[in-house]
Amino acid sequence: MEKDNGLGSGRIGRLIVRLTVPAVTAQLINLLYNLVDRMYVGGMPDVGTDALAGLGVVFPITLIVSAFANLVGMGGAPLASIFLGEKKDGEACRVFCTGVTLLVFFGAALTVAVLCCCGGLVTLFGAPESAYPYARDYLFVYGTGTLFVMLSLGLNPFITAQGRSLTSMLTVAIGAALNIALDPLFIYAFGMGVKGAAVATVISQGVSAAWAVAFFFGKRTSFRFVPAYLVPDPKTAARILFLGLSPFIMSVTESAIQIVFNINITQWSGGNSDYTAALTIMLSAVQTVCLPLNGLGSGVQPLVSYNYGAGNSARVKSTVKIITLAALCGSASVWMLSLTAPQVYGYIFSASDAVMELVVRYTPFFMMGTVMFFAQMTLQNVFIALGQAKISIFLACLRKLMLLIPLCFALPYAFGVAGVFYSEGIADLTAGIITAATFFFMLPRILKKREARLAAENGISPQE
């Protein structure tokens, strides 16, 4: 295998399959991390609905933790890939080591914050009174494993960046499989309930983190733990954080909108936990399309970034064409399921009759914009792979900050509690159209500018 792992010379179609199938599989498995706890907890006798609502309140807090891992991992990995394409291996390694130091710093700081402010956070995030103790208990235990989350999620993009998608998939798969096995043991066999679900998650994330760290001590990695580089270079750290700001904003605003959702649902439903549980199920349904499409975008990231760094525009364009078609087919499939058979999501989470009625009534409106997620999720990641931080930041802010949050507050005054559910679909549809138009307008200009820069620096003709 050549040093670039085939990224600069292999057949595009075969490379896309090799890179994206493990990446999408990893995201589907990662989805299990979020869904398995909810499925087991939702099935707890007598308290299942309140416990499920509690996990729904905690979920946006866990997204914030994940956002800091994305800030470093998804900001550093494309930058390292571009350096590999430019044959600057030392700079690529410096980016990796700086990223490791940032992950450890953020992990320690977030652990202290979560453990010290556990009760206040779940109240702030809109927990109904009946769901409060379940949310608090889960979050406290989850907080003890924050560093594991940072390392497993933050290091994995650096594995993918080297074209090692299968290894990256295993990082997620090992933890998810362990979580599935441990959940019933701790929840039911040991009688720990919601706390048991959190303990299973912490143990699983710890094993995933150990696997990811061990990879960088092996023979197949281009990045190493170099002590001199572990002292972060301010300029390199700033570049990582700036490029990672877009996925960070996407995760944090995902958390912010769920806070807004929870607050508005509680206010407009009169504190009815059935609505909070239904919302939790619908947000889980959105994840079923978001995460695989993010997997497509992150899977092709090393292919796009490497060839962008090398100035090979033809390979970048071919990759974009194939990945756009695949993402559109995926988003359209979930969109059709959500419009025609929304009760499927209720069955998955063992919804009560009252919750099922809400899921069937509102899911088609909540999910009506998912058909455009091929642009909002996959093409957004391609922008990041091209190193386009400013455009990515704008598009990351558009969907949630500029559209969804204002709509979530405004529409209930016209439609009551239904307006909360309508806001998601309207915002997703609008943001997706704008993102697609921006991407296809800007891509040729970005590639042309890169070719001109390389020609000026190296005295070579840009590749067509």
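Contact here means heavy atoms within 4.5 Å. The model is predicted: local features need pLDDT of at least 70, side-chain atom pairs count only at pLDDT 80 or more, and totals for chains, interfaces and linings use all residues. Residues are numbered from 1 along each chain as its sequence is written, and side-chain values use heavy atoms, with hydrogens and water left out.

**Stop 1: P412**

Select P412, in helix 19 (residues 412-415). Helices are DSSP runs of H or I with at least four residues, numbered from the N terminus. Leaving aside residues up to four places away in sequence, P412 touches W268, L407, G419 and V420. W268 is 144 residues from P412 along the chain, yet their C-alpha atoms are separated by 7.6 Å. P412 has a relative accessible area of 1%, so it is buried (under 20%; exposed is over 50% and partly exposed in between, with a 1.4 Å probe and protein chains only).

**Stop 2**

Most residues other than glycine have a negative phi. K87 is exposed, at a relative accessible area of 61%.

Now show helix 3 (residues 89-116) with helix 10 (residues 234-243): their axes come within 10 Å and cross at roughly 75°. The axes are lines fitted to C-alpha atoms over the stretch in contact, and angles run from 0 to 180 degrees between N-to-C directions. Helix 3 is therefore roughly perpendicular to helix 10 (65 to 115 degrees). On helix 3, select R94, V95, T98, G99, L102 and F106; on helix 10, T236, A237, I240 and L241.

**Stop 3: aromatic rings**

The whole structure holds 21 aromatic pairs. Rings of Phe, Tyr and Trp (its six-membered ring) pair if their centres lie within 6.5 Å; planes under 30 degrees apart are stacked, over 60 edge-to-face and the rest tilted.

Select F68 and F248, an edge-to-face pair at 5.0 Å centre to centre with 70° between the planes. F68 is in helix 2 and F248 in helix 11 (residues 245-268), 180 residues apart. Both are buried.

Then take F261 and F366: with centres 5.6 Å apart and planes at 45°, the pair is tilted. F261 lies in helix 11 and F366 in helix 16 (residues 353-366), so this pair ties together parts 105 residues apart in sequence.

**Stop 4: a charge over a ring**

Finish at R445, whose charged end sits over the ring of F441, 3.9 Å from its centre. The criterion is NZ of Lys or CZ of Arg within 6 Å of the ring centre and within 35 degrees of the ring normal.

Methods:
Helices (H or I, at least four residues) and strands (E, at least two) are DSSP runs, numbered from the N terminus. Angles under 35 degrees count as roughly parallel, over 145 as roughly antiparallel, 65 to 115 as roughly perpendicular and the rest as oblique.
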